[in-house]
Amino acid sequence: MNTDNNINNMDNNNLADTQKSILECLSFIPATEVPVGMFDSEDEIRRHIADNDMTYYLDFLEKLYPYLNTDNYSEGMKAVLSEMERGLNTENGGTVLDHAMLFDYQAAYEYHGNHNLSQALDLQKKAVSYLTNIDEESAMLASNIYANLGALYRLNKEMEPAVLYMKRGIDILNQYHLIFTGSGIAQLCNYAALLHDIGESETALSILQKFASVMEQHRDTDNPNYAALQRTMEQIKKRIS
């Protein structure tokens, strides 16, 4: 993803299939969803690093960063970002998506760690600039990066681009049938909060109810994603009552 006391506070969702958010609250979505048990043993990690397997090492760092952020381990987060940047500057270092993820993480750290919204926006725009070819494999990452840019614009009180980029993230989720993932529901709740901010509360409630109804039809209501939708709807209703 902590900040102001308005409707943004509804965004701190408990997600069903994500671990630790890059940023805890309001707006930011984890760049990657890492199932529990995805980390190899320490010996295996050391072996790959000793073999100078940069692809493996970058993947490890990308999975590690959200955990350090959740524990608010500032020095560890800075070290991981520095190592990611170093790895991407090597001859065979990383893909365009690795670069996008680095800028996404740097933007998150700049906002929450250094309280520099302007710099965070610039870094998040750089992350978006690397999203040139979105496919099934990159769709979740791309949607989260677009959503995070929208969130930063929202924090900067620039509502038109905030709506544009948050909606772009949701459109990607819909295109690749990822809307009912933890990140997808979090994006929906953030988007609904934004719509409420700009006076479109009824539209926000309609969107949330649409997806809640689908989950009800599939008897998929006993999970945190459904609870997040219901909680967001209730908070919007309280704000307009």
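In which helix do glutamate 83 and arginine 86 both lie, and how many residues apart are they? Both residues lie in helix α3, 3 residues apart, about one turn of the helix. They are described here as part of a predicted model, in which local features need pLDDT of at least 70 and side-chain atom pairs count only at pLDDT 80 or more, while totals for chains, interfaces and linings use all residues. Residues are numbered from 1 along each chain as its sequence is written, and side-chain values use heavy atoms, with hydrogens and water left out.

The protein chain contains 10 helices and 0 strands, where helices (H or I, at least four residues) and strands (E, at least two) are DSSP runs numbered from the N terminus. Of its 241 residues, 49% count as buried; buried means under 20% relative accessible area, exposed over 50%, and partly exposed in between (1.4 Å probe, protein chains only). The accessible surface of the chain comes to about 11,700 Å², of which 46% belongs to carbon and sulfur atoms; such areas come from the Shrake-Rupley method with a 1.4 Å probe, and for residues only the protein chains shown count as cover.

Confidence is expressed as pLDDT, the predictor's value for each residue from 0 to 100. The mean for the protein chain is 83, and 82% of its residues reach 70 or more. Among the elements, confidence is lowest in helix α1 (residues 42–50), at a mean of 73, and highest in helix α5 (residues 117–129), at 98. Over residues 1–30 pLDDT stays under 50, and the model has 121 contacts beyond four places in sequence for this stretch; contact means heavy atoms within 4.5 Å.

Side chains of opposite charge can pair when their charged atoms come close. A salt bridge is defined as a side-chain nitrogen of Lys or Arg within 4 Å of a carboxyl oxygen of Asp or Glu, and by this rule the count comes to 6. Glutamate 83 forms one with arginine 86, the closest N and O atoms being 3.0 Å apart. Glutamate 83 counts as partly exposed at 23% relative accessibility, and arginine 86 is partly exposed at 44%. In helix α3 (residues 74–88), glutamate 75 and lysine 78 lie 3 residues apart, and their side chains meet in a salt bridge of 3.2 Å, N to O. A further salt bridge joins lysine 63 to aspartate 59 (3.0 Å, N to O), both in helix α2 (residues 54–70) and 4 residues apart. Lysine 63 counts as buried because its relative accessibility is 14%, whereas aspartate 59, at 35%, counts as partly exposed.

Aspartate 98, in helix α4 (residues 96–114), is buried yet has no salt bridge. The nearest side chain of opposite charge, lysine 63, is 11 Å away; Lys and Arg count as positive and Asp and Glu as negative, with His and the chain ends not counted. Beyond neighbours within four places in sequence, aspartate 98 is in contact with Leu58, Glu62 and Leu88.

In soluble globular proteins, nonpolar side chains tend to be buried together. A nonpolar core is a set of buried Ala, Val, Leu, Ile, Met, Phe, Trp, Tyr and Cys residues joined through side-chain atoms within 4.5 Å. The largest such core has 65 residues, and those with the most contacts inside it are Tyr65, Ile145, Leu152, Leu188, Leu208 and Leu229. Helix α6 (residues 139–155) supplies the largest share of this core, 11 residues. Leucine 188 touches Ile170, Ile179, Ile207, Leu208 and Phe211, not counting residues up to four places away in sequence.
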